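User: Can you walk me through this one? I'd like the helices first, then the sheet.
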Amino acid sequence: MLPFRLLAALLLAATPAFALQRPAAEAPAPALELRGGLWFDGERFSPGSWYSIDGRLTASRPERIDAVLDLTGRFILPSLIEAHNHDAQSGRFGAISNAKNMHAGIFHSIQLCSRPSAREDYGGFFGQPGMMTVRYAEACLSAADGHPLGIALASSRQFGIEMEPAEARRFYDPVDTLADLDRLWPELLERRPRLIKIILINSERRAQELADPSTFGFRGIDPALVVPIVERAHRAGIRVVAHADTAADFAIAVRAGADIIAHLPGYRIAPGMNAANYRLSDAIVAEAARRGTIVITTAGVARHDMARRPENAATLQALQRENLRLLRDAGVTLALGSDDVMGTVVDELVYLDGLGIFPRGELLRRATADTARAMFPEAAIGRFAEGAEANLLAFDGDPTVDIEILRRPVLRVQRGMVLGR
Ligand SMILES: [Zn+2]
């Protein structure tokens, strides 16, 4: 779930107020010598020296060098990857979020609920030099009375607009029956998605919630539809990411074969629920490990629930620690995502560090190589290797000693181009 006011702004900002200019045609990246520096090797920072040719790293010295970047004394990390956000799903927000993320050294981002029609007018903006590379979940399947309908309705009301549910449903793909799925599917395939999202919320209380009008607009998809959706998606080579709130949602998604779980359970305790509803079992964690299910952390989202209900803070953090420890011990792949439209995945990294589960070197590897492989499996990003994209961030201090220094990169290089301040 997103902080209400923020999603309100996002949904209503679907039409940009100004035209986004396409940047000038790409100039060839210079041949760089990246001299000295301590380079992150997936565990620690150690001395190294690389060259960047045509935006790719190589250890072999080229004949011609256009410029030498002296990185002596600096700590070099691959650029970061955001696994779960909604901050680039509209033109107006996309422009702001691009600057925010690029400054923070986040060059790749996954946006988890967007239909292509919502971004026709700014589609060419991303992927250019100086811009993030963005991948979207091209469909967002939920119940006709499900999330994000409630947020769309409430947020439009906040802006003084009385929106009909039918109109609000254009923000996602409502599916209540197999017949709905049959109707949607050909159009969904035309979007040529690599990734689609399904919404599961409080599945174990589904009967009570259907009878409770206060949950209208905040429910999830019928759990019986999850297997048919995943099967169809996999036949078409599409990965499925499942929004899961509770441990029951998580279990349904994992057993149905969802590729990615969008949240670590325990970022909030919903009305009518208690801590036990969010505790993952050993059995389901073992199954996630066996199936290769990826879990996106979004642990920092708990800050919103903790701010509203400070009495929940200790419980939520204990739950998060417990669930993270289980997943880590079982070897489940974790990808770092913030789900925070005003923040970045750097906030998530710092929040996770505060939970004290991961040694910092490991956390940095999870934030770079692991998240890259999980979310952009075909891209040569997230690590320093022959032929990898020359994407790097330089810091004046060691992030394994001072995690907050991650907020202050002193130099950023994207595909061999040094970015301005
Ligand atoms: Zn989200």
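**Helix pair and sheet**

Analyst: Helix α12 (residues 345–355) and helix α13 (residues 360–375) have axes that come within 11 Å and cross at roughly 150°. Keep in mind that this is a predicted model.

User: Are α12 and α13 roughly parallel or roughly antiparallel, then?
Analyst: Roughly antiparallel. Angles over 145 degrees count that way, so the crossing angle of roughly 150° puts α12 and α13 in that class.

User: Which residues of α12 and α13 make the contact?
Analyst: From α12, L349, L352 and D353. From α13, R360, L363 and A367.

User: How does that contact split by class?
Analyst: There are 4 nonpolar and 2 charged residues where α12 meets α13, and no polar ones.

User: And what's the handedness of the crossing?
Analyst: Right-handed, for α12 passing α13.

User: OK, on to the sheet. What's the strand order?
Analyst: The order is β5-β4-β1-β6. These 4 strands form an open sheet, and their pairing is mixed.

User: Which are the edge strands?
Analyst: β5 (56–58) and β6 (67–70). Each of them pairs on one side only.

User: How much are neighbouring strands turned against each other?
Analyst: By 25° on average, with direction ignored.

User: Back to β5. In which sense do β4 and β5 pair, parallel or antiparallel?
Analyst: Antiparallel. β4 covers residues 50–53, and its pairing with β5 runs over 3 bridges.

User: What stands opposite S52?
Analyst: L57, in β5.

Technical notes: Residues are numbered from 1 along each chain as its sequence is written. This is a predicted model: local features need pLDDT of at least 70, side-chain atom pairs count only at pLDDT 80 or more; totals for chains, interfaces and linings use all residues. Two strands pair if DSSP finds at least two bridges between them. Helices (H or I, at least four residues) and strands (E, at least two) are DSSP runs, numbered from the N terminus. Axes are lines fitted to C-alpha atoms, for helices over the stretch in contact, and angles run from 0 to 180 degrees between N-to-C directions. Angles under 35 degrees count as roughly parallel, over 145 as roughly antiparallel, 65 to 115 as roughly perpendicular and the rest as oblique. A crossing is left-handed if the near helix is turned anticlockwise from the far one by less than a right angle, and right-handed if clockwise. Two residues are in contact if their C-beta atoms, placed from the backbone, lie within 7 Å. Ala, Val, Leu, Ile, Met, Phe, Trp, Tyr, Cys and Pro count as nonpolar, Asp, Glu, Lys and Arg as charged, and the others, Gly among them, as polar.
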